[in-house]
Amino acid sequence: MEKEKPVAGPLDAILRPVAVAPCSSDTHTSHGGSGDQKNLILGHEAIGEVVEVGELVTRFKPGDIVVVPCCTPDWLATDLQSNKYNAHDHGLMASFKFLLSKDGVFAEFFHVNQADANLVKLPEGMDMAAALMTVDMMSTGFFGVEQAEVEFGDTVVVIGIGPVGLMAVAGAHLKGAGRLIAVGTRPNSVAVAKEFGATDIISYKDGDIVEQILKLTNGKGVDRVIVAGGKTDTINQALQLLRPGGIVSNMNFFDATETFEIPAWDWGLGMSNKDIRGGFCPGGARRIEKMLEMIQYNRFDPAKLITHRFDGFDKIEDAFKLMDEKPADLIKPAVFIKWD
Ligand code: NDP
Ligand code: ZN
């Protein structure tokens with residue numbers, strides 16, 4: 001679609017994309033999962049080249065190559081002062097501006113609010129593909145681990161090993177999980193899960209995962225469950241797997257039409273000290289700087305998620321369709337763009 005070039009306010013920047021990746025949240029939105037959105041440009045995972053900055057921007061200039069967090073908070077919002085989760089600057093997920101309140105990054109030009117607080121220069125020599133995986137996948141998957149408060153030696157289950165779940169596997173491993181059980185079937189994902197530290201793989205296609213995991217743990221269950229796949233009843237399964245005192249950390253995006261039905265027994269009659277937590281990844285420059293440092297200092301390589309690479313702006317549609325269809329050999333597609 002044709003749209004006017006966006007305009008930068010005094011604190012903002014206009015970028016053009018040099019690397020982008022489609023996400024499940026883009027395909028979900030295109031199918032109406034985020035409500036009735038019309039004429040919206042999708043895309044929220046990007047590395048960009050700065051083409052214009054507002055008069056008050058001090059850290060960036062045209063020509064800089066920058067990493068763009070998927071979540072770009074309004075740092076002047078007073079809501080952030082009483083809320084440690086910066087995803088909610090003006091209400092539910094309001095910092096997730098690209099899909100929810102403005103056009104996204106699958107465009108010749110896109111707008112970033114408060115550039116100084118939200119953008120990070122691509123570190124010299126860093127693999128662009130790896131950096132691209134920090135802006136949503138790594139920030140989200142690692143948030144799932146932070147929210148789960150994984151402790152040394154914990155038995156952790158990650159349900160779903162698409163790109164988000166795989167990042168949670170990597171994050172839980174780095175946080176010192178003992179046994180790390182991953183649930184999924186796609187062969188590429190299974191291979192990367194093992195590489196990222198999974199000790200056991202369970203297929204939900206081989207029968208009830210609760211039965212399988214309880215058997216694996218001699219009926220004891222697990223300390224933490226991170227949910228990055230499945231449906232609303234996956235939360236019930238997670239509760240059934242948890243030992244008292246455990247935490248379910250949800251990453252799934254549910255539809256507004258869905259309902260959770262939790263039998264009291266699954267939640268230990270309300271007396272089990274089992275937390276059900278759901279949250280959205282934080283954003284902003286410092287968050288992404290930290291993610292980039294983990295790559296710089298070789299903690300692990302998130303570029304292993306990228307199974308399909310495309311070149312050129314015109315290929316964004318192909319990459320998007322691939323993400324929508326999710327063929328068995330896909331983990332994550334990415335598109336690299338050179339401008340003349
Ligand atoms: P994928 O669709 O790529 O992966 C889903 C995974 O769940 C796959 O491993 C799949 O298995 C597995 N799965 C499917 N059905 C079941 C089931 N019944 N029981 C157990 N496992 C199952 O998703 P993504 O990794 O891209 O995203 C995961 C979730 O995170 C989505 O809901 C997405 O909307 C949300 N999300 C949230 C974000 C945020 O908070 N910022 C950002 C991005 C995504 P198989 O291997 O067989 O395919
Ligand atoms: Zn996303």
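The legends below describe an overall view and several close-up views of a predicted model. Residues are numbered from 1 along each chain as its sequence is written, while chains are lettered from A and ligands numbered from 1 in the order in which they are written. In this predicted model local features need pLDDT of at least 70 and side-chain atom pairs count only at pLDDT 80 or more, whereas totals for chains, interfaces and linings use all residues, and side-chain values use heavy atoms, with hydrogens and water left out.

**Figure 1. The protein chain as a whole.** The protein chain holds eleven helices and 13 strands, where helices (H or I, at least four residues) and strands (E, at least two) are DSSP runs numbered from the N terminus. Its radius of gyration, taken over C-alpha atoms, is 20 Å, which agrees with the value near 20 Å for a compact globule of 340 residues, the globule rule being 2.2 Å times the number of residues to the power 0.38. Of the 340 residues, 55% count as buried; buried means under 20% relative accessible area, exposed over 50%, and partly exposed in between, with a 1.4 Å probe and protein chains only. Among contacts with a separation of 6 or more, 71% come from residues 24 or more positions apart, a contact being heavy atoms within 4.5 Å.

**Figure 2. The site of the zinc ion (ligand 2).** Cys23 (SG), His44 (NE2) and Asp136 (OD) coordinate the zinc ion at 1.8 to 2.3 Å. Donors are N, O and S atoms within 2.8 Å of the metal (3.2 Å for Na, K and Ca), and because water is not among the atoms, sites may look incomplete. Along the sequence, the donor residues follow the spacing C-x20-H-x91-D. Cys23 lies in the loop between strand S1 (13-20) and helix H1 (24-30), and His44 in the loop between H1 and strand S2 (46-53), so the pair ties together parts that are 21 residues apart in sequence. Both Cys23 and His44 are buried.

Figure 3. Four bridges join S2 to strand S3 (residues 65-68) in the antiparallel sense, two strands being counted as paired if DSSP finds at least two bridges between them. Ala46 stands opposite Val68 in S3. S3 also runs antiparallel to strand S5 (residues 120-121), to which two bridges join it, and here Val67 stands opposite Val120 in S5.

Figure 4. Six strands, in the order S8-S7-S6-S9-S10-S11, form an open sheet with parallel pairing. Its edge strands, strand S8 (200-202) and strand S11 (275-278), each pair on one side only. Within the sheet, strand S9 (residues 222-227) and strand S10 (residues 242-250) are joined by five bridges, and Val225 has Val248 in S10 as its bridge partner. In helix H9 (residues 233-241), the buried residues are Thr234, Ile235, Asn236, Ala238, Leu239 and Leu241; the buried residues of H9 pack against strand S6 (156-159), helix H8 (209-216), S9, S10 and S11.

**Figure 5. Two asparagines with positive phi.** Most residues other than glycine have a negative phi. Asn273, in the loop between S10 and S11, has a positive phi near 55° and counts as exposed at 62% relative accessibility. Asn298, in the loop between helix H10 (285-296) and strand S12 (306-311), has a positive phi near 55° and counts as exposed at 66% relative accessibility.
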